[in-house]
Structures are given as structure tokens and as C-alpha cells.
Number of protein chains: 4
Amino acid sequence: MRKLRAALLGSTGAVGQRYLSMLANHPSIKLEVLMGSRSAGERYGESTRWLQGEPIPGEFSSRKIAPSRPESAKECDLVFSALPAEAAAEIEPEFAEAGFGVISESSAYRMNRDVPLIIPEVNADHLSLIGPQRKKRGWKGSLVTTPNCTATGLVIVMKPLLDGFGLRRAIVTSMQAVSGAGFPGVPSLLITENVIPYIKNEEEKVAAESRKILGSRHNGSIGESSMEVAISCNRVPVIDGHVETLYGEFPGPVTPREAIDSLRKFRGPPQRLRLPSAPEQPIIVRNEPDRPQPRLDRLAGSVPGMSVVVGRVRNGIGGNSVQLTLLSHNTIRGAAGTAILTAELMEKQGFLGR
Amino acid sequence: MRKLRAALLGSTGAVGQRYLSMLANHPSIKLEVLMGSRSAGERYGESTRWLQGEPIPGEFSSRKIAPSRPESAKECDLVFSALPAEAAAEIEPEFAEAGFGVISESSAYRMNRDVPLIIPEVNADHLSLIGPQRKKRGWKGSLVTTPNCTATGLVIVMKPLLDGFGLRRAIVTSMQAVSGAGFPGVPSLLITENVIPYIKNEEEKVAAESRKILGSRHNGSIGESSMEVAISCNRVPVIDGHVETLYGEFPGPVTPREAIDSLRKFRGPPQRLRLPSAPEQPIIVRNEPDRPQPRLDRLAGSVPGMSVVVGRVRNGIGGNSVQLTLLSHNTIRGAAGTAILTAELMEKQGFLGR
Amino acid sequence: MRKLRAALLGSTGAVGQRYLSMLANHPSIKLEVLMGSRSAGERYGESTRWLQGEPIPGEFSSRKIAPSRPESAKECDLVFSALPAEAAAEIEPEFAEAGFGVISESSAYRMNRDVPLIIPEVNADHLSLIGPQRKKRGWKGSLVTTPNCTATGLVIVMKPLLDGFGLRRAIVTSMQAVSGAGFPGVPSLLITENVIPYIKNEEEKVAAESRKILGSRHNGSIGESSMEVAISCNRVPVIDGHVETLYGEFPGPVTPREAIDSLRKFRGPPQRLRLPSAPEQPIIVRNEPDRPQPRLDRLAGSVPGMSVVVGRVRNGIGGNSVQLTLLSHNTIRGAAGTAILTAELMEKQGFLGR
Amino acid sequence: MRKLRAALLGSTGAVGQRYLSMLANHPSIKLEVLMGSRSAGERYGESTRWLQGEPIPGEFSSRKIAPSRPESAKECDLVFSALPAEAAAEIEPEFAEAGFGVISESSAYRMNRDVPLIIPEVNADHLSLIGPQRKKRGWKGSLVTTPNCTATGLVIVMKPLLDGFGLRRAIVTSMQAVSGAGFPGVPSLLITENVIPYIKNEEEKVAAESRKILGSRHNGSIGESSMEVAISCNRVPVIDGHVETLYGEFPGPVTPREAIDSLRKFRGPPQRLRLPSAPEQPIIVRNEPDRPQPRLDRLAGSVPGMSVVVGRVRNGIGGNSVQLTLLSHNTIRGAAGTAILTAELMEKQGFLGR
């Protein structure tokens, strides 16, 4: 089988690095072009402050970094973007206009009405926005986005609770890892032996993105879900893995048993299509009272880091609510992993390739 | 003025040590007797694994540890207990029977109907249970308890919200410091770079104790408050200071402005009586978006560690709810400090002295 | 090829758990019997507080734990021991007497003159003590030990420096991970945001064991090396990976270049015999100024966790000394990994099998 | 008594902030002018990212920040500088030329031959360089510097060992707190659960500065000490407090007992002159095997943070060496505290005042 050829915008940053690790041995995607701005022209291994525990995959270390321009990627079928929002706002449309399928983690265009905001297990059907998007913008390519890292794990858990029981309200508190802030990110002087009860713009993003992702298609556009979210975001001294407590309210009675069943049975198109980066179980529910924990569970599942781990499923106040704790790996499921899974899905559904 | 003479049960433990620091220069209480079980007969400085940043206050270092028996305290006016629950269950009644006013942090008797569970700013009037308690148990002394460390800060914040706006429901997530688990407590192998989403029995304690403390007196007994609490307790890698997010629901509209005003204005009997350990403001509300933080705010206020610090006061979903984040020092306000403040209050109100 | 059948003493402890992970897919050793004392009779997955990031390898989870007696292992060719010293002192000889080749990480018998203390790359020839050991003790089996976790990485680095340049003195400071203290080990209340400059008995062990391992055979016994070691051991808030600074003095001039060459070229019998757990390079030398780091380098090399990583090789005072920093994974290379490598070596050399 | 009026360069930075806390209630120095570059014209409390546990001392919060120019300080007697090296190189001479006594923590001029590098307990006599300095540079004022934070604690311990026993060589390993890197300083992503075995330029600074501070005056200039230092600097996840292991070699035998005695008896001019910031004991020696520890000991002594705490004093290899572990508070004794103590000394000795 011919592999998809991919280019990567923002390859030297903390988020970009994850793509190299995840695509180094990917069965159907070949990462051909590493792009960067300040480091264009240099060798990847020399100009990157590599932050991962495992070394730079051999093939990439001596690769020359290409400038962040469409010509750099001209042999490629798709472009991943790990750019920060400001750069993304400017650069991503240039690639989409030049005919590339762009899959972006950046927040720049997530909330635009004609831009799909995708979690492949949750709202694969939103990819149908691509047609109208091309028409409206006059693009040969397309722009698809993936959500904020805190929203991703949360919405995967919300989906079966919404479909099965009509989840109406979610009161959430997050305890987020420092890798979510990129590099250099959070100063150690601020977070060591501490909790910071605030992450700028994060709460607004999670609330708005959740409602968009869980919205339904009507005549070629996506309506927002009416489910309501209130979230308090906190930074804690953890490297990887966002923990969230979820207090969910329903229109009628739901037992913990029923909630657990629906979470465990949840599957989406990636599982049915057996996509390479799809974990067998999008949601793993643990029975032990003291799980999930970031250090023990963030790499759980058949594709490490791609499953959301849930525990402590129990009643809330009254019978119409359920409480639980969830964990998702913020730089895998919450970033590079969901983007790669989206690429795999788009290819299977014919949205990629020029 | 003659000082109150106090004895201390459980003096060598992590909680007991705080009493020595807080009572070393106390204007009206003199800590005369340090009791211990395994270490009875030894010098305090030699047999204690001292865990505080400041040294053992000079006067106590060479003090001989007395056995945990009423005779050890016979010159004293009151007895503080920092015993673990099991030992407390057995030993505390012996002291109350022998005529001592016992003030205990232990959970052993907190939920007994005839035992006051006191936060001096919140429910000083519950001390009136002492009369019926003495009658029922045939004690010359008395037993008064103080709440769980996570409940204490939370209930102080709930009180003005309940009195002012009829707080009906509280959905809470805690991020608790490791000192709350005592010594040796939480293994570093479990909590370093991690979150543990569970603390045994803690959630039940917080829910039950909140309702008792906020309950009203009726004919000499205390009825539970009907306010409902759902809490998810988490351990985080912080030394001192419990952070809690609170989502509060009210029967009608409450604005953040109104909530802040009522929190700032809140005062209780300790403030009116100018008790030595009473902070000028039981609740400090900060305006910065990223406060309170354990490392920066746990010692805030006029009596370090005795004020609860609140921040991020904002609307919840709809107009009938308010969200906020609070911080309280778990071994000062959440333990020794509230017990000492209770002693000061009891003395002023004539409940102590033999 | 028939696999070696192994039994494991102390299987439920923090150290024992590493064996399960490392032997789950081992090409030539099959872990057949898991032994334990308090948990004998129970299923492994139910009675073990599993502390690893990856789950219990499937085959072991429902395995019944056998009592710590020679009969439990009767179908086995060798016995690994991850027992604490006191239990080891009593139980290990019973197995050796019953005919088993026992390979132990415990400190109980390390310094006995007739017991080999082995790092396969360094002193494989010390296995020749087994003959005299059997004769002296009347054992059909044998007892072989592996060193303290802090000594292991250090001695691997010392070996080429001793052979190549006559290393005479080593002044060492360690910064050790909390996993080295087992479970529950170091309380978080003591080590969070702190350094503890002392580990009981550790400095004596490292000094004595280094000299034994680097000693030479003379007429069937092992003489101590005359190299001298002074070490200061510290505990730091790291999960896995011991860092050590080494200031080495030589009888004549040694350049950093020469030292690096000899470290990089170092190979031992495991490499020549291509043993399954032998890393291609026992010592990896990095050129970056700020390596090795525990979180980035502890799993470096072709067999994760089995290579010692060295960096910052530079001159000391005058020309006759070299300074460097080394890192070794304390529960892999410093514990289970070296024991398994020793088993592989012993089998190849005919010391195992009954 | 008239108080000395002081101005502060670099007042808003992490180091500058310490001065405000330490000078808020100082008996003989009044901090009159806070200077800053980017924030000049703004109120201190509004433009500073305050990083200390206690709040901004009230008097300073609304103080207007003055531009970093000599005119800003014209009513002042001395100028403290907490500027980074590059800014210091340019700005400090302007103030010295304008007639101010400048006391600087910056590294810019520390190694200039005519600039005293002072630890008041160690080399107060080096202040005599001020006369030649004025002459050579044509300054009405003067420039005095204080050492690198890692050198300060180390040299205080070296001084009695050099005077008493002729310390010849010091082999040192440091474990340094993150506050030593200023703000934002070390990213949490790099240091959480990790050790970084390198701090840029630090080892060179410590070696060179130690020899200068311990050097003797000859005919108006300072000769370097011949004592030799080799140091390995490491960053560890600690907020405040640098730990260092010291292996000291002497020309003849020294017992731990003798070393302890000389450390305990050590006093300098600040103690004899009873300067306000002088701790009673510059060096506190502890007997417990597991001290000093940053979290427990960094604020030890009669002036919190100004004493160096030593422990684990024991023999090295042979009889001519001693090992020990020392701790000093890097932003108090290692920065603001030593500069303030230097000001107190200079005033007493008539080097300040215009």
C-alpha cells in the first residue's frame, strides 16, 4: 500500500515532537517534511530542544528543516500543524488554499462555523463540513481542527452519556499537567509543591468546544449542543496526563452501573474501521477506588495514550446525577494522537489525497 | 491574667507538633503537659521525629513525655487531643469523665449527636450541647470536637453563602496536601508527579460533617442542615494547604459581586471577642485571576494560616449558581488552629476551668 | 530451545514486580513460580499493590502465589530472590541447599567471602567461587548475589577506568531516586521539595561492594581491590534513576578524551555472548553539557534501562583526575536487570540447570 | 539614629523582591527608592510579579518605580543592585561614578581586580580595595560585589577550615534550588521529577570566586588563594536552599571533632560588631545523621536564612580529609542577605555616606 506522505508545521516545538515519535513507525503515514520558522535550513537534531524520554527517531535527526511554506510540502498528501495560535492563523490557510488537507491542533480556527472540530470517535460526520468549506473559501484543500487537550478526554466521556442518557449539565474540575502549557511553559518556581487554580482562556475553550463537537448536523451546518459545561481548570505538578472530575446531571435517573456499561461499550468509526491509531477501547473503566492516576494510567490501552481512563463512577446528589474521574494523556490523545487518528479517518473516507 | 493550663494527647505526631509551635508564645494558654504512649518517659526532643521547618520551641525540647492518662494532666484546665481515631475512641472519654474539657481533632466522636463539632466562627452556639452531654454521660468534664481538615475551610465559606443566599447544593472537588495524611502518610513513590483521585472515607466525612456544623439547634439538640454536598477528594503533591473548587447552587439569583461582599464581611464570635487566634478576616477574597495558591497564600492573614483564602468567584451555569476556589491551611485552620481557637472561645464563654 | 524455568522469591514487592515486567516476554527464561509469604495462596493480581506504569503482564495476574519454600519451585531451574535482607538471610540458603541456583539482590550475603557478587560485564570470572562455595557449605545448589543499586552503575563506570588507567580513588556524590527505598519507602512529607542528605548504611555498602566486585581472583578466592571510595548519598525527589558525580584520581595523567574512549569501548562477556538482556553498549557517553538526566536518559540504550549513561566528562584538579556524571536505572540495571543478566550468563557458562 | 537611605536597582525581579522583605523593618536602613527599567513610572504592586509567600510589605506596594538612573537616587546613601549581569555592566558604574556606594549581587564586576568581592564574615578586610578603586577609576562612589549563591555558603564553611587546618583542595557537588535561576528560570517541564546535572558558567564562577574571596591582601591588592576547587553543579526540584557535599583535603590529619569545633566557633566582624543582619552563629553544625535538609533547615538560626547549616561531618579517605554536607539559603545568605550585611558593615567602617 502506498503510504500517505505528510508534512509537519511547528515540528520543533513540544507538541510537534510527539508527531515524530508517533509517526516514526506508522504503517500508513510517512512523515516526509519537517517545517520550522526560526530553524529552517538547520538539521532537526541540532536545532531542536528535544524533550521526550526516548531519543529522536533515527530517520529524523539529520533531516533538514524546511521553511513553513506550501512549496516545502509539495510532494505531500497532508499537512499536520502543531503551530501556536497566532502563527496558525496566518499560515494554515495558505496551505489549505494551496490544496493541502491541513489537520491542526491550534485553537485559531476551531470555532469557525465552516471548520470541523473533530474527535474521530465522537463526530466523524462533521467532516462533511469540508465540502461547504471549500466552496465558501475557494480552497482546493481543507482545514480540519482537533480540540483543546482538556476538552478531548472530557468530550469522549460525555458522548456515550449524552447519547445514552441525555447528559444535560457537566460540572467539571481539571487538574492539568505542565506539558499542556508547551515549552518553556510553566516556571518551576511557580508550580513546584503548588497548585495554580487558573489557566488563561482554558475554561472558555473547553465549554465552547464541547458544545460544538457534540452538536448535530442540520442541512450542512453544525448546531451547538444544548448541554451545559462549567469547568474550573487547575495546573498541578504532573508532567503528562490531565485528570478531570465530572459531575454529570441527567433528565432522569441513571445508575453508576448503567453509566459504566455505556462507557465501556462505547466505540466509534475508528474502532469499526480498525484505524492504526485507534485504541480497542476509547474508554477504559477501572474498578479500583483510587484510579485513574496520571503516572500509572496515562499510557493505558492497546495504543498507549489513546484511551481515556475512567474511575470512581458513583452517584451524585439524588438519582439523576453521576460523578466520575477521568484521565487522558494530554499530548497524545489530547494532541498529536487525535490529529493522526483524524488523518487516518479522513484518508479512509476519501477526504485526503490530491 | 492567669493562663489556662493545657495538656496535649498525641503530642509527638505530625498533628500534635503544630500545637507546640502555636502554643509556644500563646498569650492565654500554657501548654504544660505533653503526653504520648510509646514515648512516655522520654524527653520530647529525643523521641520525636520533628517535621516542622522551625525548630522545637526551646521550652519543650527537654520536657518529659507523660503517659496518656488523666493523672498526667491533673494540674491542667483542658486537654487537647491529636490522637488517631482508634486511640481517641478509648482515651478521650477517660479524660472527659475525669473532669477535663477535652478538645479533639479526631474523627472518633465527631458525629455523635451529643458531641459538638465546632468551628468557632460558624457554630459557636453548638457548644450548648455540653450541658446535655454531661448529663447524659455523667461526665464532669466534656468532649468537643473540631472537623476534618477538608470540611473546615469549606464550611467557613459555605456559612455566609448559606445565611445570605440559602446555599442549597455544593459540588466540590478538593486537591489536598500530603500533610493531611499525617506521618508517614503518603509514600513518595505514589504521589511524586501524580494525582491520587481518592482519599479513604474523606468524602463521606466532609459531606456529613458539613451538614452537622451548619445545622441549627432545636430544643437542645442539633438538626442537620438540608444543604447537600457532593465532593471528589484528590491528593496532590503539595506539602500544606488544601485547595477546593466549589460550585454552589442557590434558590435564586446570586451575583459574584454579592457573593464576594458576603464572604468579605463575614465575621464570627472569635472576631467580636478578639480571641488571640482569631484572624481579622476569616475569609480573604483575592481579585487576581490565579489565586489562591497553596505556596503563596496558605499563611495569609493576620494570624498566619487561620484565614481561608478565596478567589475566582464567578457565575456558574445560569444565574442561580456561583463558582469559586478556596484554600485553607490544613494543619493550622484545618487542625490545631481551630482547636486552639475553640479553647479560647470556650474559656471566654465559661465552658472551661474546673 | 528449552527455556530456563524460574521461580521468584519476594514477587509482590516493589523490586519483585520489575521481574514480572522484564521476564514476561523473555526469550530464554520462563517465570513459572511466584512466591510470597503473607500473600501465599492468593492470586497475584489481587494481593499485589502493583506500582508499575504498565499493567501486570496478563499471564501473571491470575497466577496463584506459592509459599516461600523450596517445594514450591521444584520444577524450576533457578530462583530469583527479591527478598528484604532479613528474610533473605533465612530463606535463601534453604533453596541453595535444596539444589537451586539462587540469584539474589539482597544485601544479606553480598559480603560473604564465598559468595560471588556479580555484575556480568565486570567480574563474570567471580562465578568460579561457586565451586568452593558448594564444597564449603555442602550445597547442591548455589548462591550468587548482585550489588546495591548505587554501586552497580558506579562500578560499571569504574571498571574501564581501573583497567585502562589504574583508577585509585573515587570521590562520589549520589542523588538517588525514591524507588530505591522500596515500598512504602520514603514518605512524601519528607522528600517533596527537599533533599535528604543521608541513606542508612548505603555509603558503607557502596564502598565495600565496589572493592569486592573490582577485586581479583587468587587461588580460588577474591581479593579486594585497593581502589578507595568515599561517597555521600542523597535522596532527591525523582522516581527512578540514580545520578552520581564521580571525581576519579589516577596515578598518572588521563585526558577526558581518553576516558571517554575507554568508557565507550567497554564491553563485557554479556556483549560478547550476545545475552538477551545485554545492552549493546554497557556505557553510553553523551556529549551535551546537560546530560544525563533521570527523566530523559534512564531508559536509554538497546535494552531499556540496562545501559549506564555518562556525561560531563572533564578534567579535575591537575592532570591526574577526571570528573564525570553518571546515571543508572536503579530498579532495572541496579536490581532486576542485573540479576536476570546474571542468570543468562550463568546458564551459558553451565552454572545452572540441575 | 539616622537611618541609611537606600535605593534598589532591579527591584521587580525575583532577587530584588527579597530586599523588600528584608528591609521592610530594618533598624538602620530605609529602602527609599525602587528602580526598574520596563516598569518605571508604574506602581510597584501593580507591575511586579510578586513571588514570595508573604505579601508585598505595605509601604512598598503603592511606591512608584523610578527609572534606573543616578538622579532617581539622589537623596540616598547607598544603592543595592539586583540587576542581571548585562544591565549591571552598564548601569552600576554610572552610579559609582555619581558618588554612590554600590553593593551588587551581579557577576559583572566580581572578578575585576579592584572590585572587592565580599562575604562580611570572611574577608571584610578586602573592603580596603575601595581606596585604590576610587583612585584608579576616578569615582567618588564605589562598587562592592557579593558572590554567587553557591560560592557564598561554601566559602563560609571553607574559611575556618582554611585558617585552622590549611584546607588545600575541595571536591564539591551541589544540589541547587530552582529559585537560584531567577524568574521565569527553570521550566517545570525540565525539572519535575528530575535532576539537571549542569548550570551554565556556575562551576567556573564558584571556583574562581572562592579563590578570590579567600585570597590575602598584599600591598593594597588581593592575591588569589592557592586552595583548589572542583565542583559539579546540579539543579534539583527544590524551591529554596542549595545543598553541597564537600570533600576537603588537608596537608595533615584533621578529625571530624576538630573540624566541627572550628566550624562552630567561627565568628567574623559582623558578629563582633553585632550587625543587625548578622546571625549569632554563621555556621550551625547539626549532629543528626540526616541533616541539613533544605525544607527543614534553610531558615535556621537567629536571623532566618543567614546561617549556613552543616551536617554529616566525617572522615574522608585516609586521615587527611574530611567530608561534610552544607546548606545555605540561596536567595537570603546567597543574595540579598549578604548584600545587606555588607552594607551594615560598610557603614560601621565608614565606607558609606556621602
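Visitor: If copies are superposed by least squares on the C-alpha atoms of residues with pLDDT of at least 70 in both, what rotation superposes chain D on chain B?

Guide: A rotation of 180 degrees, with 0.0 Å of shift along its axis, does so, at an RMSD of 0.0 Å. That is the relation of a two-fold axis. This is a predicted model, in which local features need pLDDT of at least 70 and side-chain atom pairs count only at pLDDT 80 or more, while totals for chains, interfaces and linings use all residues. Residues are numbered from 1 along each chain as its sequence is written, chains are lettered from A and ligands numbered from 1 in the order in which they are written, and side-chain values use heavy atoms, with hydrogens and water left out.

Visitor: Which residue of chain D comes closest to that axis?

Guide: Glu193(D) does, with its C-alpha at 3.2 Å.

Visitor: Changing topic, what does strand S3 of chain C pair with?

Guide: Strands (E, at least two residues) and helices (H or I, at least four) are DSSP runs numbered from the N terminus, and two strands pair if DSSP finds at least two bridges between them. S3(C), residues 78-81, is joined by four bridges to the parallel S1(C), residues 4-9. Four bridges also link S3(C) to S4(C), residues 101-104, again in the parallel sense. Leu8(C) is opposite Phe80(C), and Leu78(C) is opposite Gly101(C).

Visitor: Are the faces of S3(C) covered or uncovered?

Guide: Both are covered: Leu78(C) and Phe80(C) on one side, and Val79(C) and Ser81(C) on the other, are all buried. Buried means under 20% relative accessible area, exposed over 50%, and partly exposed in between, with a 1.4 Å probe and protein chains only. In a regular strand the side chains alternate between the two faces of the sheet.

Visitor: And where is Gly16(D)?

Guide: Gly16(D) lies in helix H1 of chain D, residues 14-23. Gly16(D) is buried, at a relative accessible area of 0%.

Visitor: Which residues does Gly16(D) touch?

Guide: Leaving aside residues up to four places away in sequence, Gly16(D) touches Leu8(D), Gly10(D), Ser11(D) and Ala82(D); contact means heavy atoms within 4.5 Å. The C-alpha atoms of Gly16(D) and Ala336(D) are separated by 7.7 Å, although these residues are 320 apart along the chain.

Definitions and conventions: Copies are superposed by least squares on the C-alpha atoms of residues with pLDDT of at least 70 in both.
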